Amino acid sequence: MARPVEVAENVSMIDDQLYSIPQHGSVYLLNEKKKALIDSGPVTSARVVLDGIRESGVRPEDIDYLIVTHIHLDHGGGAGLLIKNMPKARVVVHHRGAKHLIDPTRLVSSALAALSRGERDLSQETELVPIEAERIKAVSDGDTIELGEQQVLRIIEAPGHAPHELCVYESRNNGLFSGDAAGLSVAENKVLVMVNAPPSFDADLSIATLKRLMALKASRIYFAHFGMSCEVQPKLQLAIDTLQAWDDIMTEAVREDALDGVAERLLIQAVTALAPMRKGWPVLYEYLAKYDMPMSVDGYLKYYRDKRGVELNKRGNGESN
Ligand SMILES: [Zn+2]
């Protein structure tokens with residue numbers, strides 16, 4: 001098991017072994033006068049995350065805030081279980097996501113629908129622990145949380161990947177916790193892919209969010225998948241370019257009246273971007289190519305159909321959602 005790594009001053013990264021895959025999911029611990037955890041990881045990672053907190057020299061009992069970047073199961077799914085070990089922690093969540101942490105029923109059914117391919121075992125993921133309303137702190141753009149004199153967190157609403165996504169700016173290191181708003185930067189930051197998760201992905205909002213994040217001129221970006229990078233602006237620009245490349249494929253397909261098969265073209269584009277991982281990260285490569293990228297294509301096509309009004313009635317073109 002990988003030990004927590006100090007990726008910036010007073011910021012440790014815990015590899016939460018997301019879905020039993022190393023270097024797939026990161027949870028961050030901010031060790032200041034007050035202590036905060038960024039993302040919980042899924043239910044299945046709770047034990048690993050608690051061990052990681054202790055290994056970083058912090059007692060879970062001393063955590064003040066558990067901030068979830070969004071309520072997707074791999075980010076906020078474990079929150080209810082984790083706070084059973086964090087008696088004073090409040091769960092900080094986007095105001096649009098709060099009600100789903102209090103009553104996770106809809107969250108679970110929507111996650112199952114998004115992953116309806118049936119190949120992934122979600123049985124454990126559906127056992128979410130509801131969170132009492134009193135323990136939730138719903139936040140909005142511009143809200144701040146002071147952890148110490150030199151560490152003030154600022155909430156940035158970051159819609160696109162999901163409407164309930166937020167990023168967190170941290171003042172001590174001029175750093176940005178990006179959740180999934182800037183995509184997945186994996187394989188030691190060699191590969192960046194966007195995950196356009198159904199049912200609420202919005203490409204226009206996603207690009208607008210990325211431009212806002214660029215304007216921060218942060219020195220570090222902490223990806224939820226996976227780890228820290230100091231190449232902030234190039235990563236954010238690459239995220240924009242990746243979305244633009246998909247838009248180009250769609251625009252051409254509409255122009256040429258060639259929507260049949262556009263799902264395959266998007267998928268090929270996405271999987272080709274993962275190619276450098278095949279050697280060093282075969283398990284994560286397999287996972288992303290088999291699950292995340294097809295889901296991303298579904299989410300993208302759904303967005304195009306619902307928000308851009310493009311007819312996608314043929315089999316395999318977003319109709320699975
Ligand atoms: Zn994620």
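Author: A crossing of two helices is called left-handed if the near helix is turned anticlockwise from the far one by less than a right angle, and right-handed if clockwise. Helices (H or I, at least four residues) and strands (E, at least two) are DSSP runs, numbered from the N terminus. The model is a predicted one, in which local features need pLDDT of at least 70 and side-chain atom pairs count only at pLDDT 80 or more, while totals for chains, interfaces and linings use all residues. Residues are numbered from 1 along each chain as its sequence is written.

The crossing of α8 and α10 is right-handed. Helix α8, residues 262-273, packs against α10 at an angle of about 135 degrees, and their axes are 10 Å apart; axes are lines fitted to C-alpha atoms, for helices over the stretch in contact, and angles run from 0 to 180 degrees between N-to-C directions. Angles under 35 degrees count as roughly parallel, over 145 as roughly antiparallel, 65 to 115 as roughly perpendicular and the rest as oblique, and α8 and α10 are therefore oblique to each other.

Leaving aside its neighbours within four places in sequence, V91 is in contact (C-beta atoms, placed from the backbone, within 7 Å) with residues including L66, V68, I83 and I136. Strand β6, residues 90-94, has four of its five residues buried, so it is largely enclosed by the rest of the structure.

Two strands pair if DSSP finds at least two bridges between them. Strand β5, residues 63-67, pairs with β6 in the parallel sense over three bridges, and Y65 stands opposite R90 in β6. Strand β7, residues 136-139, runs parallel to β6 and is joined to it by four bridges, with V139 in β7 as the bridge partner of H94.

Seven strands form an open sheet in the order β1-β2-β3-β4-β5-β6-β7, with mixed pairing. The edge strands are β1 (5-8) and β7, each of which pairs on one side only.

How values were computed
Two residues are in contact if their C-beta atoms, placed from the backbone, lie within 7 Å. A residue is buried if 20 or more other C-beta atoms lie within 10 Å of its own, exposed if 12 or fewer, and partly exposed in between; C-beta atoms are placed from the backbone.
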